[in-house]
Amino acid sequence: MRSVFSEDDSNINTSLLGDKSITNYSESETIPNVSTSPTTNPIATKKFDNEGITTIDWRSDHKKEKSIRAKIYKEKGIKGLIKQGLYASQGWTVTFVVGVTVGIFASIVDIGSEWISGLKQGVCLHWFWATQKRCCIDVGENCPYWKTWSELVGIYDETGSYIFNYFAYTLAAVIFAVISAWFVKVLAPWAAGSGLPEVKTILGGFVIKGCLGIWTLLVKVIGLVLSVGSGLTLGKEGPMVHVGCCCGNIASRLFPKYRLNEAKKREVLSASCAAGVTCAFGTPAGGTLFSLEETSSYFPPKTLFRTFFTAIIGALTLQVLNPRITGKIVLYSINYHVNWKWFELLPFLFLGVIGGLFGALFTKLNIWFIVNVRKKYLKNWGITEVIFTTIITSLICFWNEYTRMSMTDLIANLFGNTCTSTDNNAEEEFQILCDLNNSWPIAKLFLAFLLRFLLMTITIGMKLPAGMYVPSLCLGAVYGHITGTVMKYIQENYSDNLFFQECTVGGEGGDCVVPGIYALIGAATMLAGMCRITVSLAVIMFELTGGLEYLVPIMLAIVVAKWVGDAFNKENIYELLIEMNEYPYLQSEEIDNEGTAKTIMTTNELKVIFAEGVTMGDIKGDLLDENCKVLYGFPVVDNPTNRCVLGYVTRNALLEAIKLNETRINDQTEITFEKIFPLSKRQQNVINKIDLSSFLDEIPIQIPSQMPGDRIYDMFRAMGIRYCLVLHNSKLVGIITKKDLVRWYHNGNHSIELVTKSENLNNQTIVDMNQGKESTTLTFDK
């Protein structure tokens, strides 16, 4: 057996190294210098080598699933039909269970967060668990059942009541936020944040231990209720995708078809993502497209159908449980249908530019704050950070009614504010925004935008469940409504201008420009600028509001926002978080890195098995030792000189082989990968050999050492492979894994000084682990 070392020359066991050169590259085949010149401000090379994150083998899992399926469908008779029916129904059953489960958890989050949010300001006397809206739904404005905290303690003067309510609001917010952060820290660290970067990584073909477990699910739901209710600048829609994936992962354990196959499980997780978005917004079509566009790497046609089915089940569950006081499953809806005018395309495009600018600005500020402040100074002070951020948020938001109310209510009122004589379903404090002679309300709304933007920058990334969809929609709705109000003012004062002739011809006069439409489009542009989603976002906004008339301007503004955002940074906020956290995720974009297989490959931790001469003692004592780090498995080669690849055997396959043959093997049993003719039991004991050819993958992916890196990258993404072996002149020289590719992609594309896997690639060594065998050195000479 042979080991291939790299990383650092000091890691090589020099006592095992020989000086016999096997092969030399010719002068034209020298290894290029993979180290780039240092930048003026060099960044530490990212390793993307988290031991808690492992890779799945799409190719092997699909092969396994086809084998099981073929075996089941070969069976005849009634028993065979029953087995086939049960096997085929597992996919629909698990997606149905996921849809129902996600709908239930979404209802809990909706009702719970609304109740916690109201509890900061008062309590319902005749029904403690009722929110303020539900408490007074049949009473109106002068509701005797709802009492503020100052009224409960007997403080009725205006100044004293305001101060006490201010204190109670802040104290309650801090308590709720701290409990949420404590649950995350103690019970489930993976429940922090939105979970979308982790979900994208998992759906890209990786396994993150504990990220989708039952404790993560429970803490995510409870923490989400508390953190959203605390009034922090965060939302619940993004984390609902993580909740959906947790439900999908747990439900898949109940079905053997998915429990034992990680690739098939990804189909369930893709459907679960759609259910999460559907139940968060009430948009089944948009949720399905979101899973396809944003999260999933593998999405065959049958998965699309099942994903849509899961989204429908989630929406139906939400409709039955009716967690929203409106009786509708959508968060926001509009009841006006005013046609947009051609002259409004200019302000719509302007909103797209603003959305792209603010979206790109937020991503840069947020990542800068996380890297330079949170990770440097607040890394071990997560709960303390939550306390101070919550206090700051409460103190500066309470005095302004536009920041004191929940962001969901703010968005709904801005969307519904038409500033017209009819169809205006906004509350009174929003209708005064239509008074164009009173600039103070507009100034307060603009100030609310600035405060929420800065607060979102420092809030997103804290160690508690937090999403950024609702805050971004809120920010976009605010600057969109302000833009619409300004346009309405200009149109009313210059109504005779040829530019506004369309309003005069239509006879609409002062009702021509509707600020609510601008709020709707502004919300879409801000989210597009941050997350760079397009098609699914347009459908979500249409389903969310029912405004089919505004689908074209929404799509146009979204495209402009994405163009502007891409001009500053190609990656969206989630891809930047993936890179910052060093998750080994293969990006979907085209790459232009220079390099070939021999500059990407690794020899670290790679061990090869010779076809002859290796015993079970060697396998158990070295390769299968718990302290032995290996890359998934072991290439099988013919001999030390030729190093011709005969196949690849995984570590799990070797463990299974030992388990199946433990009664007839010992440490001296020699393993072989060639067929042994049927022998009697006595003959088997005499020769003391075991045939492992049935456990050998005889056609592992192999590539030449000169293959360009971009082609390798595309091959890994398209084929979903876990590794490939690198050959030079038909001889094994290394291996490339997904983590190697991700490391090469990021450290190359971002002009970061590379730390190569060896100080000098001219001394890569294949070492024989068998005692008494001659060690061999593989050199790359120029």
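Reader: What should I know before I start?

Author: The model is predicted, so to speak of local features needs pLDDT of at least 70, side-chain atom pairs count only at pLDDT 80 or more, and totals for chains, interfaces and linings use all residues. Residues are numbered from 1 along each chain as its sequence is written, and side-chain values use heavy atoms, with hydrogens and water left out.

Reader: How many helices and strands does the chain have?

Author: Helices (H or I, at least four residues) and strands (E, at least two) are DSSP runs, numbered from the N terminus. Here the chain has 30 helices and 15 strands.

Reader: What share of the residues count as buried?

Author: Buried means under 20% relative accessible area, exposed over 50%, and partly exposed in between, with a 1.4 Å probe and protein chains only. Of the 782 residues, 56% count as buried. Take Ser-272 in helix α10. Its relative accessible area is 0%, so Ser-272 is buried.

Reader: Which residues is Ser-272 in contact with, leaving aside its neighbours within four places in sequence?

Author: Contact means heavy atoms within 4.5 Å. With those neighbours left aside, Ser-272 is in contact with Val-98, Gly-244, Cys-245 and Gly-248. Now the whole chain. Among contacts between residues at least 6 apart in sequence, 77% join residues at least 24 apart.

Reader: How do I read aromatic pairs?

Author: Rings of Phe, Tyr and Trp (its six-membered ring) pair if their centres lie within 6.5 Å; planes under 30 degrees apart count as stacked, over 60 as edge-to-face and the rest as tilted. The whole structure holds 24 aromatic pairs. In one, the ring centres of Phe-281 and Tyr-469 are 6.3 Å apart and the planes are at 25°, so this pair is stacked. Phe-281 lies in helix α10 (residues 262-281) and Tyr-469 in helix α19 (residues 469-493), so the pair ties together parts 188 residues apart in sequence. Both Phe-281 and Tyr-469 are buried. Elsewhere, ring pairs link Phe-358, Phe-362, Phe-446, Phe-449, Phe-453 and Tyr-479 into a cluster.

Reader: Which charged residue lies over the face of Tyr-87?

Author: A charge sits over a ring if NZ of Lys or CZ of Arg is within 6 Å of the ring centre and within 35 degrees of the ring normal. Lys-257 lies over Tyr-87, at 4.5 Å from the ring centre. The charged end of Arg-306 sits over the ring of Trp-92, 5.2 Å from its centre.

Reader: Which residues touch the most other members of the largest nonpolar core?

Author: A nonpolar core is a set of buried Ala, Val, Leu, Ile, Met, Phe, Trp, Tyr and Cys residues joined through side-chain atoms within 4.5 Å. The largest has 133 residues, and Phe-281, Leu-414, Phe-415, Met-541 and Tyr-550 touch the most other members. Helix α21 (residues 515-531) gives the most to this core, with 12 residues. Apart from this core lies another, of 30 residues, among them Val-614, Leu-654, Ile-690 and Ile-735.

Reader: What does a positive phi tell me?

Author: Most residues other than glycine have a negative phi. Arg-643 has a positive phi, near 50°. Arg-643 is in the loop between β7 (633-637) and β8 (645-650). At 3% relative accessibility, Arg-643 counts as buried.

Reader: Is Ser-730 buried or exposed?

Author: Ser-730 is exposed, with a relative accessible area of 54%. Ser-730 lies in the loop between β12 (723-728) and β13 (731-737). Its phi is positive too, near 70°.
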